[in-house]
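Hi,

Here is the structure I promised to pass on.

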Amino acid sequence: MSIESALRELGKEIQKDERFVALQAAAKANDGDEKLQQQMQEMQLISLKYQQEAEKGEEASQERIAELQEDYQKLYGEIMEGENMQKYSAAAAEMEQMAQYISGMIGLFFDGQDAETCELPKDDGCTHDCCTCGGCH
């Protein structure tokens, strides 16, 4: 099996994984959430207004910039508190963990470790190989 074939097989397995399926479902729910879509558009509008004000340089109103930042933060908080967005964030975090695991394992393979038996080190374990480091104890 070629590397490309193996990667395509990995891709198929990833897309069958329940974490991937959950992320796709959460994204679809977000796309269908009219309130969320309105909030996202409003957030983009606030960002645009912020950029326009900031581009004025010294003539920019610091009061207006602060107001826009406050509006943005408030709206961001509302968006992140929404049920659909919370489900999406949780699903995305699960997929990120999967991606980190895959990346870590590939790193071990590139280091020449036995693909049949190698294991990622525990988060708190030092491998004495700085490329796997999560920080010193």
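Gln37 touches Asn30 and Asp31, leaving out residues up to four places away in sequence; contact here means heavy atoms within 4.5 Å. Gln37 lies in helix H3, and its relative accessibility of 30% makes it partly exposed. The cut-offs are under 20% relative accessible area for buried, over 50% for exposed, and partly exposed in between (1.4 Å probe, protein chains only).

Before going on, a word on what you are looking at. This is a predicted model, with residues numbered from 1 along each chain as its sequence is written. Local features need pLDDT of at least 70 and side-chain atom pairs count only at pLDDT 80 or more, while totals for chains, interfaces and linings use all residues; side-chain values use heavy atoms, with hydrogens and water left out.

Now the overall picture. The protein has 5 helices and 0 strands, so its elements read α-α-α-α-α from the N terminus on. Helices (H or I, at least four residues) and strands (E, at least two) are DSSP runs, numbered from the N terminus. Of its 137 residues, 16% count as buried. The accessible surface comes to about 10900 Å², and 50% of that belongs to carbon and sulfur atoms; these areas come from the Shrake-Rupley method with a 1.4 Å probe, and for residues only the protein chains shown count as cover. Taking contacts between residues at least 6 apart in sequence, 52% join residues at least 24 apart.

What does Gln39 touch, not counting residues up to four places away in sequence? The list is Leu75, Glu78 and Ile79.

Glu53 lies in helix H3 too, and at 10% relative accessibility Glu53 counts as buried. Leaving out residues up to four places away, Glu53 touches Glu59, Ala60, Ser61, Arg64 and Ile65. Its side chain also makes a polar contact of 3.1 Å with the side chain of Lys56, and that pair forms a salt bridge. Lys56, for its part, is partly exposed at 45%.

How many salt bridges does the structure hold? There are 7, counting a side-chain nitrogen of Lys or Arg within 4 Å of a carboxyl oxygen of Asp or Glu. Besides Glu53 with Lys56, two others are worth a look:

- Glu9 and Lys12 meet at 3.2 Å, N to O. They are 3 residues apart in helix H1 (residues 3-16), so about one helical turn separates them. Glu9 is partly exposed at 34%, and Lys12 is partly exposed at 47%.
- Lys87 pairs with Glu83, the closest N and O atoms being 3.2 Å apart. Both lie in helix H5 (residues 83-110), 4 residues apart, about one turn of the helix. Lys87 is partly exposed at 48%, whereas Glu83 counts as exposed at 56%.

Last, the nonpolar cores. A core here is a set of buried Ala, Val, Leu, Ile, Met, Phe, Trp, Tyr and Cys residues joined through side-chain atoms within 4.5 Å. The largest one has 7 residues: Leu36, Met43, Ile46, Leu68, Leu75, Ile79 and Met85. Helix H3 (34-54) and helix H4 (62-81) are the elements that give two or more residues to this core. A second, separate core has 6 residues, including Phe20, Leu23, Met95 and Met98.

Met85, a member of the largest core, is in contact with Asn30, Leu36, Ile79 and Met80 when its neighbours within four places in sequence are left aside. Asn30 is also where we started, as one of the residues that Gln37 touches.

Cheers

Key:
A polar contact is a pair of N or O atoms within 3.5 Å; within protein, one must be able to donate a hydrogen and the other to accept it, and residues adjacent in sequence count only if both atoms are side-chain atoms.
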